[in-house]
There are 2 protein chains.
Amino acid sequence: MKFMIQKDYLVQSVQDVMKAVSSRTTIPILTGIKLVVNEEGVTLTGSDSDVSIESFIPSEDEGKEIVEIISTGSVVLPARFFSEIVKKLPKETVEVEVQNHFSTMIRSGKAEFNLNGLDAEEYPHLPQIEEENVFKIPNDLLKNMIRQTVFAVSTSETRPILTGVNWKVDGKELTCVATDSHRLALRKATIQSENDSAYNVVIPGKSLSELSKILDDSNELVDIVITENQVLFKTKHLLFFSRLLDGNYPDTSRLIPNESKTDVIVNVKEFLQSIDRASLLAREGRNNVVKLSTLSDGVIEISSNSPEIGKVIEEVQSDSIEGEELKISFSAKYMLDALKALEGSMIKINFTGAMRPFVIKTVEDDSMLQLILPVRTY
Amino acid sequence: MKFMIQKDYLVQSVQDVMKAVSSRTTIPILTGIKLVVNEEGVTLTGSDSDVSIESFIPSEDEGKEIVEIISTGSVVLPARFFSEIVKKLPKETVEVEVQNHFSTMIRSGKAEFNLNGLDAEEYPHLPQIEEENVFKIPNDLLKNMIRQTVFAVSTSETRPILTGVNWKVDGKELTCVATDSHRLALRKATIQSENDSAYNVVIPGKSLSELSKILDDSNELVDIVITENQVLFKTKHLLFFSRLLDGNYPDTSRLIPNESKTDVIVNVKEFLQSIDRASLLAREGRNNVVKLSTLSDGVIEISSNSPEIGKVIEEVQSDSIEGEELKISFSAKYMLDALKALEGSMIKINFTGAMRPFVIKTVEDDSMLQLILPVRTY
């Protein structure tokens, strides 16, 4: 195996597949990156066995030569060292050559590295996925859907299924739901697909977070394939595989109240900043709890009290308050997370009493929803 | 105590004095910031008893009203909360008022905080320093002198005196020296003073690092006063006090060789990048050791070998190599630190054999010097 490559392409590709490489793995060869060279180009693979990422560097890109392939072959190189080395190479061109016993020479300008490689035949095979039922979502939308739900997954392994995001496909509609049983985030979108399939799977939150770091902000389409125990995301030169979580996701639809007793419409930025200030003192307590009370003339009062440190009280002018008077307490962190996830400038909050979950949406858009359970404070 | 203040000035001042506040202190009141209001303005103080910082906000700055003083007085407020609160206040003006039992109201727009304060009479007094012998250094020069020496102090408490930087004043010359007994950094500069005094003190490295974060890059003069156990740095609105370290600093002058056997002149950027690359593999070993060999025609070879991972070898073209051939090994980290501390584009390295300390200077400037002890590698 021997090739010359444009450094920028190699650096980008290594950086992408590194997202799947973990230094804490029980399978030693997975601390490496697999390189496979064939006539078409160079394929890099990184994996922690939950997530696998494959990046392809074509020998030509838009008529420009990226890789000059001198001989084909394969090798596994220590990922951390290889990625740091390529970043720091002095020249724009890099030569890579496997020599005796998988020892691999990496040369750029007058700098010459030799890394001890491993036999690529020892590297685990990626899942084989038949691309029968493909549906498509634009990069930027997919990234947003992840951002708006993944923060709400559970970080506790008590109920492992809640560490994932529930993806349900029904015809042309995809619904993503995450909950840690104290709050819930939901986002719907229309997908592009040729046949109307139905899926109900749970994708690990960690996998989605890593995926969203790799996606760009373009509106190019990502191909998505779901199988029994794997999901594959496919962009132009990248394959991203994640295992699915085993088990049934709880039915979350009955959690979301249909009626409401108090409806508030408020500017999201003003409301968020006031919750943020109140949380400065609330953090000291165990629960990071702030209190919201409706006053007259559309005024909301946000307050928090930490006996040892002090207290804070602030009035926010809402656009409208309709329905019953309300005093309710909730986690400032959950509220801040929810508000940051929503887009748009105005939100409506539908409360169903001080002890019932409440729902936050933007006034413009019904496709996203945040739900928070209040906290008892008496 | 009651005043209205421009938020920006308060935020900046709080941020400056916070540099001295530690959350791990055995004196509870030092987790607070002291505020004193008199007719001239507001004085803030933070201290961890090693370092104390006093920042003064005048009621007027260049004809603009900064503070409107309604009544004088003093209070100590919890530093962490107070600093986070002022940063997040909604409006440009802040009202601060001490009410019953040092409870302090902080109001901006419709946000109102109440913090539990403490009696400022309980706050330790700052050292009293008579400003008899003042010498002066511009902000930017002082900052550079700290940057070029402080990284070389010892981080181990085995010899506490080496955790400080030795400042020697002799007439109009200030010499700063730091060493951890494996490497040494030295910087000289001319000071401005009215009488020729002589000092030989040791300032804690940590204090100097904090000071350099507060100094701006202007060439305005900083007043420096040294007493038996304290040093005071004084800028326009800021007093920075640090205790001095007890004990005698070792005589470092005899460590610096006067003769040399091999002299190399090389571009600092190329040399630094090549050491940086070699250190990628060297880090894996215990000592982070790289090897330098002189070849013919002014070529230097930099290499490193980590049997488990691989090896690296690189040639750097020097401007000139004079004297004996040389093979020497040293810590890549110490070399990188030294090269980053030096200014200018070309450096000269004077070696006195493979087992003797060597000296690095810029070709342009004799006022700074870095010394490194080699490592035995056979």
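Two strands are taken to pair if DSSP finds at least two bridges between them, and helices (H or I, at least four residues) and strands (E, at least two) are DSSP runs, numbered from the N terminus. The views below show a predicted model, in which local features need pLDDT of at least 70 and side-chain atom pairs count only at pLDDT 80 or more, while totals for chains, interfaces and linings use all residues. Residues are numbered from 1 along each chain as its sequence is written, chains are lettered from A and ligands numbered from 1 in the order in which they are written, and side-chain values use heavy atoms, with hydrogens and water left out.

**View 1. The open sheet of chain B, built from nine strands.** The strands follow the order β8-β2-β3-β4-β20-β19-β18-β12-β16 (chain B), and their pairing is antiparallel. Because β8 (73-78) and β16 (192-193) of chain B stand at the edges, each with a single partner strand, one side of each has no neighbour in the sheet. Within this sheet, β4 (residues 51-58) of chain B is joined to β20 (residues 238-243) of chain B by five bridges, the two strands running antiparallel. One residue to look for here is B:E54, whose bridge partner in β20(B) is B:L239.

**View 2. Two helices of chain B lying across strands.** Contact here means heavy atoms within 4.5 Å, and axes are lines fitted to C-alpha atoms, for helices over the stretch in contact, with angles that run from 0 to 180 degrees between N-to-C directions. Helix α1 (residues 7-18) of chain B lies across β2 (32-38), β3 (41-47), β4 and β20 of chain B, and runs at about 165° to β4(B). Helix α4 (residues 205-214) of chain B lies across β4, β19 (230-235) and β20 of chain B, at about 170° to β20(B).

View 3. In chain A, an open sheet of nine strands has the order β17-β13-β14-β15-β29-β28-β27-β21-β25, with antiparallel pairing. Its edges are held by β17 (198-204) and β25 (320-323) of chain A, each with a single partner strand, so one side of each is left without a neighbour in the sheet. On average, and with direction ignored, neighbouring strands of this sheet are turned by 15° against each other. Strands β28 (residues 358-362) and β29 (residues 368-372) of chain A pair in the antiparallel sense over three bridges, and A:V359 stands opposite A:L371 in β29(A). Helix α4 (residues 205-214) of chain A packs on the sheet, where it touches β13 (164-170) and β17 of chain A, its direction making about 85° with that of β17(A). Helix α6 (residues 332-341) of chain A lies across β15, β27 (346-351), β28 and β29 of chain A, running at about 175° to β29(A).

**View 4. Domain 2 against domain 3 in chain A.** Chain A is divided into domain 1 (2-122), domain 2 (134-253) and domain 3 (256-372), with bounds that come from an automatic or database domain assignment. The centres of domain 2 and domain 3 of chain A, taken over C-alpha atoms, are separated by 28 Å. Between them these two domains bury about 1,200 Å², 46% of it on carbon and sulfur atoms, where buried area is the accessible area (1.4 Å probe) that two parts lose on being put together, summed over both. A:R183, A:L184 and A:L186 supply 39% of the area that domain 2 of chain A buries against domain 3 of chain A, more than any other three residues. The rule finds two salt bridges across this interface, a salt bridge being a side-chain nitrogen of Lys or Arg within 4 Å of a carboxyl oxygen of Asp or Glu. The side chains of A:E343 and A:R147 meet in a salt bridge (3.7 Å, N to O).

**View 5. Chain A against chain B.** The contact takes 30 residues from chain A and 30 residues from chain B, and the two chains bury about 2,800 Å² between them, 55% of it on carbon and sulfur atoms. A:K88, A:R277 and A:L280 supply 21% of the area that chain A buries against chain B, more than any other three residues. Two salt bridges are counted between chain A and chain B, and the side chains of B:K88 and A:D276 meet in a salt bridge (3.0 Å, N to O).
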